[in-house]
Amino acid sequence: MTQPVSTALRALALALLLSPAAAQAHGIESSLTRLESLTNSLVLESRFSNGEPTSDAVVRLVAPDGESLELGRTNAEGQLSFALPKQANGEWELQVDGGPGHRDYLEMPVKAGQAQLDQISRHHHSNPVPWLSALGATAMLLGLQRMRRSR
């Protein structure tokens with residue numbers, strides 16, 4: 001196998017590995033429930049798409065003004081309980097970070113410190129790296145094809 005073809009095959013394999021389909025193979029799905037107690041605590045439960053708990057994931061709460069507060073890490077069952085600031089209002093974001101390619105984002109409307117659980121929506125942050133990798137690999141393959149034709 002010639003060097004340009006070998007390089008092209010490696011680039012194509014890398015692009016496929018970094019493609020959005022590969023990144024979503026182990027996505028995280030999270031949910032929130034309210035504890036029935038006097039504390040008004042919420043319980044986050046996060047699992048990978050295959051059903052396994054997302055253990056030791058970093059959980060952050062982002063205020064409407066962009067200020068971020070690290071709440072802690074999920075336990076072995078993929079759970080973390082926390083309370084919102086008492087006078088919180090507006091659109092808050094809950095971020096679950098289980099490592100590269102393993103993230104979940106929940107948009108959470110809050111009124112007077114109470115999460116409006118029936119209005120939570122999942123928010124997807126786009127990651128341009130997989131698309132840029134695939135685009136670069138495609139451009140390289142097209143360039144190699146042109147070089148071969150010009151011989």
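Tutor: Accessible areas here come from the Shrake-Rupley method with a 1.4 Å probe, and for residues only the protein chains shown count as cover. This is a predicted model, in which local features need pLDDT of at least 70 and side-chain atom pairs count only at pLDDT 80 or more, while totals for chains, interfaces and linings use all residues. Residues are numbered from 1 along each chain as its sequence is written, and side-chain values use heavy atoms, with hydrogens and water left out.

The chain exposes about 9700 Å², of which carbon and sulfur atoms supply 56%. Of its 151 residues, 31% are buried (under 20% relative accessible area; exposed is over 50%, partly exposed in between; 1.4 Å probe, protein chains only). Three helices and nine strands are present, taken as DSSP runs numbered from the N terminus (H or I, at least four residues, for helices; E, at least two, for strands). From the N terminus, their order is α-α-β-β-β-β-β-β-β-β-β-α.

A nonpolar core is a set of buried Ala, Val, Leu, Ile, Met, Phe, Trp, Tyr and Cys residues joined through side-chain atoms within 4.5 Å. The largest such core has 20 residues, and those with the most contacts inside it are Leu32, Leu44, Leu84, Leu94 and Met108. At least two residues of this core come from each of strands E1 (28-34), E2 (42-48), E3 (58-62), E5 (79-82), E6 (90-97) and E7 (103-111). In soluble globular proteins, nonpolar side chains tend to be buried together.

Consider Met108. Beyond neighbours within four places in sequence, Met108 is in contact (heavy atoms within 4.5 Å) with residues including Leu32, Leu42, Leu61, Leu84, Trp92 and Ile120.

Trp92 lies in strand E6 and counts as buried because its relative accessible area is 12%. The C-alpha atoms of Trp92 and Gly66, 26 residues apart along the chain, are separated by 8.9 Å.

Ser30 is found in strand E1 and is buried, because its relative accessibility is 9%. The side chains of Ser30 and Ser46 make a polar contact at 2.7 Å. A polar contact is a pair of N or O atoms within 3.5 Å; within protein, one must be able to donate a hydrogen and the other to accept it, and residues adjacent in sequence count only if both atoms are side-chain atoms.
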